[in-house]
Amino acid sequence: MTPTMIVLVVGIVVVLTAVYISWRAGRLDRLHIRLELAREALEAALVRRRAVVLELAGSRLLDPATSLVLAAAAHEARMAGPEEREHAESDLSGALRAVADQERFRERLGESPGGQDLLEELDAAVAKVVYSRRFYNNAVAVTRAAQRRWLARTLRLAGHTEYPQFFEIDDNPPATMATE
């Protein structure tokens with residue numbers, strides 16, 4: 001091989017390597033953007049669920065003790081710090097299940113004025129939390145896998161960002177909820 005050919009081959013290899021590294025960095029950046037958007041969607045779904053639960057608690061359609069349990073759980077979820085957040089949201093899910101799985105809960109609430117609309121809002125809010133959390137956790141898994149790759153670690157393509165954390169809560173909907 002002539003020296004010109006060697007330089008040409010090395011140049012092509014360097015350019016292709018640079019293009020590949022740039023593509024990987026761009027992909028990692030897009031994954032981080034997707035992760036941020038998924039986190040925002042999850043936050044919005046959790047806020048919406050808390051708002052609907054507080055609306056239900058303050059609607060006077062439930063007995064005072066049930067309203068107090070729901071309002072307290074929603075308030076705790078709202079006020080929880082980052083370390084207690086998952087636990088507080090799980091407690092809200094549990095309180096919601098305990099209330100909604102009572103005998104004839106849906107029938108009694110549906111017969112009340114405005115109760116059917118509130119039930120539909122609650123069903124939608126609970127389902128949105130389930131879907132948003134799944135989508136977020138999927139984005140976390142894909143991003144973590146991309147960050148753990150040899151090239152990303154070696155060249156620090158993710159910069160100084162930490163591995164994203166999964167959001168693990170008990171988001172099982174009440175058995176009586178009309179999800180789907």
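Predicted model: local features only at pLDDT ≥ 70, side-chain atom pairs only at ≥ 80, totals over all residues.
1. Helix 1 against helix 5. The axes of these two helices lie 8 Å apart, and the packing angle is about 155 degrees. Because angles over 145 degrees count as roughly antiparallel, helix 1 is classed as roughly antiparallel to helix 5. The crossing of the pair is left-handed. Sorted by class, the residues in contact between helix 1 and helix 5 are 22 nonpolar, five polar and nine charged.

2. Helix 1 against helix 2. Helix 2 covers residues 64-79 and packs on helix 1 at about 155 degrees, with 8 Å between the axes. Helix 1 is therefore roughly antiparallel to helix 2. Here too a left-handed crossing is assigned, with helix 1 passing helix 2. Helix 1 contributes Arg50, Val53, Leu54, Leu56 and Ala57 to the contact, while helix 2 contributes Ser67, Leu70, Ala71, Ala74, Ala77 and Arg78. The class count for the contact of helix 1 with helix 2 is eight nonpolar, one polar and two charged residues.

3. Helix 1 against helix 3. Helix 1 spans residues 3-57 and helix 3 spans residues 85-100; their axes come within 12 Å and cross at roughly 40 degrees. That angle makes helix 1 oblique to helix 3. The handedness of the crossing between helix 1 and helix 3 is left-handed. On the helix 1 side the contact residues are Glu43, Leu46, Arg49, Arg50 and Val53, and on the helix 3 side they are Arg85, Glu89, Leu92, Ser93 and Leu96. By class, the contact of helix 1 with helix 3 holds four nonpolar, one polar and five charged residues. Arg50 and Val53 are listed both in this contact and in the contact with helix 2.

4. The annotated segment. An unreviewed UniProt entry lists residues 6-23 as "transmembrane region". In the model, residues 6-23 are 100% helix and 0% strand. The annotation comes from the record and may be inferred rather than shown by experiment.

5. Serine 132. This residue belongs to helix 5, which runs over residues 115-148. Serine 132 has a relative accessible area of 9% and is therefore buried. With its neighbours within four places in sequence set aside, serine 132 is in contact with Ala41, Leu42 and Ala45.

6. Arginine 144. Helix 5 also holds arginine 144. The relative accessible area of arginine 144 is 14%, so this residue counts as buried. Leaving aside neighbours within four places in sequence, the contacts of arginine 144 are with Tyr163, Pro164, Gln165 and Phe166. As a reference distance, the C-alpha atoms of arginine 144 and valine 9 are 35 Å apart, with 135 residues of separation in sequence.

7. Leucine 68. This residue sits in helix 2. The relative accessibility of leucine 68 is 61%, so leucine 68 counts as exposed. From leucine 68 to threonine 161 the C-alpha to C-alpha distance is 41 Å, and the two are 93 residues apart in sequence.

8. Arginine 104. The phi angle of arginine 104 is positive, near 60 degrees, in a residue other than glycine. Arginine 104 is placed in the loop between helix 3 and helix 4, the latter covering 105-111. Its relative accessibility of 43% makes arginine 104 partly exposed.

9. Arginine 156. Arginine 156 is not a glycine, although its phi is positive at about 50 degrees. The residue lies in the segment after helix 6, which is formed by 150-154. Arginine 156 is partly exposed, because its relative accessible area is 47%.

Definitions and conventions
Residues numbered from 1 in each chain as written. Heavy atoms only, no water. Axes fitted to C-alpha atoms, helices over the stretch in contact; angles between N-to-C directions. Helix = DSSP H or I, 4+ residues; strand = E, 2+ residues; numbered from the N terminus. Parallel < 35°, antiparallel > 145°, perpendicular 65-115°, else oblique. Left-handed = near helix turned anticlockwise from the far one by under 90°. Contact = heavy atoms within 4.5 Å. Nonpolar A, V, L, I, M, F, W, Y, C, P; charged D, E, K, R; others polar. Buried < 20%, exposed > 50% of the residue type's maximum accessible area, 1.4 Å probe, protein only.
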